[in-house]
Protein chains: 4
Amino acid sequence: MLRLNLDPASPVPAYQQIIQALKIEIISGRLKGGDRLPPIRELAKILKLNPNTVAKAYYTLEEDGFVESRPGSGNWVKSRAPDLDSLRVSMLEGETKSYLEKAFSLGASLDDVRRSIERIASHE
Amino acid sequence: MLRLNLDPASPVPAYQQIIQALKIEIISGRLKGGDRLPPIRELAKILKLNPNTVAKAYYTLEEDGFVESRPGSGNWVKSRAPDLDSLRVSMLEGETKSYLEKAFSLGASLDDVRRSIERIASHE
Amino acid sequence: MLRLNLDPASPVPAYQQIIQALKIEIISGRLKGGDRLPPIRELAKILKLNPNTVAKAYYTLEEDGFVESRPGSGNWVKSRAPDLDSLRVSMLEGETKSYLEKAFSLGASLDDVRRSIERIASHE
Amino acid sequence: MLRLNLDPASPVPAYQQIIQALKIEIISGRLKGGDRLPPIRELAKILKLNPNTVAKAYYTLEEDGFVESRPGSGNWVKSRAPDLDSLRVSMLEGETKSYLEKAFSLGASLDDVRRSIERIASHE
DNA sequence: GTGGTCTAGACCACC
DNA sequence: GTGGTCTAGACCACC
């Protein structure tokens with residue numbers, strides 16, 4: 001079952017949050033080629049958004065090659081999606097980079113970062 | 001000299017990016033109690049923003065207790081700023097938490113995370 | 001054998017593409033008065049459309065006087081079809097008009113158009 | 001002054017008609033790099049469309065590299081637009097190809113086409 | 001039911 | 001004023 005937690009307080013627009021979350025689902029392999037996305041109206045109801053907002057997210061995912069829209073039949077995860085392995089690596093790298101930048105600019109040392117990672121990871 | 005790199009493409013409003021960046025400068029100690037912030041018009045010119053936008057950021061920083069506005073004399077970093085040490089720790093913690101969440105949702109293991117951290121950190 | 005190439009990506013609805021294509025077959029004389037159109041279900045299967053969609057096209061062709069439906073026996077090209085010669089001329093004229101409009105609005109001269117016609121025609 | 005004639009009866013969506021028409025204006029050179037497009041709300045008023053519809057057209061033109069959106073300031077024709085000369089040639093070629101296809105499928109000969117071109121062109 | 005397009009109009013950030 | 005995002009909801013083509 002798809003879990004998409006949007007943050008309505010975030011300045012990141014809802015449709016971009018949906019795009020980001022679904023890309024992660026696909027890249028992580030939890031959504032596979034041939035899987036069907038929830039119908040626009042259904043997902044809109046769940047997320048308490050307007051159907052247009054969800055449609056915009058699906059449309060962008062289609063343009064980015066992750067999803068295929070079949071009018072009258074729904075939206076489907078593409079089988080020949082962009083190279084997922086390299087995407088996964090480069091996305092982790094990007095997240096790590098921006099995390100380290102923020103941590104260092106807060107005045108943390110690499111050792112502070114290591115300790116913070118272990119402490120949080122052991123609590124989860 | 002203050003370095004504030006705004007991302008105009010980001011959905012985060014410019015004034016919030018200024019607030020965030022200045023808080024980090026203060027929390028990290030690069031800006032100290034008694035330091036003067038750049039005049040609104042000057043910073044607006046540098047960042048190519050409307051003075052209103054910078055003024056909004058300074059005003060919010062004042063409300064949050066980081067900055068003191070002395071009409072006619074400029075904006076100054078407060079000496080009795082909120083407890084910086086605990087702020088620093090809790091902000092690092094928050095960043096680590098959200099970083100780990102994203103990494104794990106991408107399918108990375110804790111070991112993947114550790115390796116990614118060391119690799120990026122050694123390149124900087 | 002009837003060749004009907006529909007473009008599913010086109011914004012022109014499938015049933016209108018069928019109508020347009022069959023009118024051209026009739027006007028050009030490739031389909032003659034007394035010829036039988038393919039059964040609705042068969043054509044729907046070939047075109048991967050719902051039978052309703054094909055039925056809607058046939059029904060409209062009947063309204064326009066090109067086709068006669070004989071319940072229980074199929075759909076037939078009418079012998080006393082509208083005056084085909086003048087239709088052919090006026091349809092060519094219409095196509096030429098809209099082609100020239102587009103070409104000129106692209107900045108092409110009449111000479112550019114003549115050259116383009118000869119070049120493409122010699123390649124076919 | 002920009003002239004955009006939309007056909008509300010066409011099955012081609014209004015926003016695609018706007019895209020098509022503005023691309024032709026740019027490719028033909030009537031709109032040049034640095035020119036400003038009419039504000040979304042203004043064009044919407046002129047065309048009797050909803051601002052969203054015009055915004056969708058502008059947004060797609062931006063994605064295609066023809067236009068640059070500067071929030072708060074308007075939409076501008078890009079200076080380094082995609083290679084216009086080759087675009088012009090290939091668009092004329094495409095129009096000619098589809099025109100000839102339709103003409104031939106109507107049963108016209110190349111001579112019929114030549115005569116039709118000259119007749120219509122001399123009337124304009 | 002399902003996606004595509006569109007209207008009417010709101011609020012926001014920034015000019 | 002200007003573009004960006006979003007809501008609430010309509011109608012269409014096709015299933």
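Two residues are in contact if their C-beta atoms, placed from the backbone, lie within 7 Å. Keep that in mind as we start with chain A: among its contacts between residues at least 6 apart in sequence, 50% join residues at least 24 apart.

Before you click further, note that this is a predicted model, where local features need pLDDT of at least 70, side-chain atom pairs count only at pLDDT 80 or more, and totals for chains, interfaces and linings use all residues. Residues are numbered from 1 along each chain as its sequence is written, while chains are lettered from A and ligands numbered from 1 in the order in which they are written.

**Select chain A.** Show it as a cartoon and you can follow five helices and two strands (DSSP runs numbered from the N terminus: helices are H or I with at least four residues, strands E with at least two). Along the sequence they come as α-α-α-β-β-α-α. The C-alpha trace spans about 55 × 30 × 25 Å along its principal axes.

**Select K48(A).** This residue sits in the loop between α2 (40–47) and α3 (51–63) of chain A. Its phi is positive, about 55°, although K48(A) is not a glycine. Is K48(A) buried or exposed? K48(A) is exposed, because 9 other C-beta atoms lie within 10 Å (exposed means 12 or fewer such atoms, with C-beta atoms placed from the backbone).

**Select chains C and D.** A rotation of 180° with 0.0 Å of shift along its axis superposes chain C on chain D, with an RMSD of 0.2 Å (least squares on the C-alpha atoms of residues with pLDDT of at least 70 in both). The two copies are therefore related as by a two-fold rotation axis.

Notes:
Buried ≥ 20, exposed ≤ 12 C-beta atoms within 10 Å, placed from the backbone.
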